[in-house]
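Reader: Hi! Could you walk me through this one?

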Amino acid sequence: MNTPPNDAAIRKGKPPLVCYKVENLPFVDMPAINDARQHLEKTDEVIVAPRDAATFSVPAGHFFRINSVEGSQVGDLNLWNANNLNERFYSGKTRQLHATHVSTGDRLWSNLPHLRPLATITHDTLDWYGWDKDGGGVHDVIGTRCDPYTNHNLTDADYHYCCHSNLCRALADHLQKPISEIEHHVHDVMNVFMCTGFTLDTHQYFMKASPVRPGDYIEFLADVDLLGALSACPGGDCGSSHSDDATPCYPLKVEVFKPKQSIKGWIGTQLSGYDGSHGR
Ligand SMILES: [Zn+2]
């Protein structure tokens, strides 16, 4: 390691600035959304089997919930614009705009050049968790998803029920195409119910047993017509391992709801207003 310069303390002592002025983001009328979510009519329900994934569809202006049902279980969520799969959830920008972990009021943004909210979190029964003593939080947009490629590199073994593979099978079945034609659509996830952080000393990604219990749920408003896919991670509560069959694993339930009265003043979301010319 190099010797620190004489002014190292000054250089390291600058104050942090939050990068993005999120107060300038498009306004979310949470009171109007809360009014609408008081009277919901369930229109669909999908059970995601353990170590597997399933797709679901949510029209714009409708709500969906991801529920813990039988045991503490983490879910890996992908979202696409149902009318254009090239527009999809962008975990990196969502992380930069909101935080490493998301909860009520935060929005799930789509990739460039679209960059608009695909969904808004409207309720989270785990919002009490906040940040723990290790810097951990719930519902991360840090992690990618467990996948068989990383697992092979680390263990020299092939495991076929990582979240990436589960999401691939579910999307392939939905689109009725071979996995080789659709794998590129599977993207970095929102790790629903997963408790993660970075170690305070080495800043390495860590996980710990999820605090989720049956009856807990996280609820979203679909800001556009959505196709979703959810994997019940083979890591179960992700308190010990992942990418194997060692951990107890439970189903997750997705419910879709139509508000009995549409959200007052709600017009959906707009694509980014940038003209795409990039200086040319
Ligand atoms: Zn996983």
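Author: Happy to; below we chat about a sheet and some backbone details. This is a predicted model, where local features need pLDDT of at least 70, side-chain atom pairs count only at pLDDT 80 or more, and totals for chains, interfaces and linings use all residues. Residues are numbered from 1 along each chain as its sequence is written.

Reader: Great. What is the strand order in the open sheet of 6 strands?

Author: The order is S1-S13-S3-S11-S7-S6, with antiparallel pairing. Strands here are DSSP runs of E with at least two residues, helices are runs of H or I with at least four, and both are numbered from the N terminus. Two strands pair if DSSP finds at least two bridges between them.

Reader: Which are the edge strands?

Author: Strand S1 (40–48) and strand S6 (107–109), each of which pairs on one side only.

Reader: And how many bridges join S1 to S13?

Author: There are 8 bridges to strand S13 (residues 252–259), and the two run antiparallel. Valine 46 faces valine 254 in S13.

Reader: Switching topic: where is the cis peptide bond?

Author: Between leucine 112 and proline 113, with omega at about 5 degrees. Proline 113 sits in the loop between S6 and strand S7 (117–124).

Reader: What is phi of aspartate 156?

Author: Near 65 degrees, a positive value in a residue other than glycine. Aspartate 156 is in the loop between helix H4 (148–155) and helix H5 (163–175).

Reader: Is aspartate 156 buried or exposed?

Author: Aspartate 156 is exposed, with 7 other C-beta atoms within 10 Å. The cut-offs are 20 or more other C-beta atoms within 10 Å for buried, 12 or fewer for exposed, and partly exposed in between, with C-beta atoms placed from the backbone.
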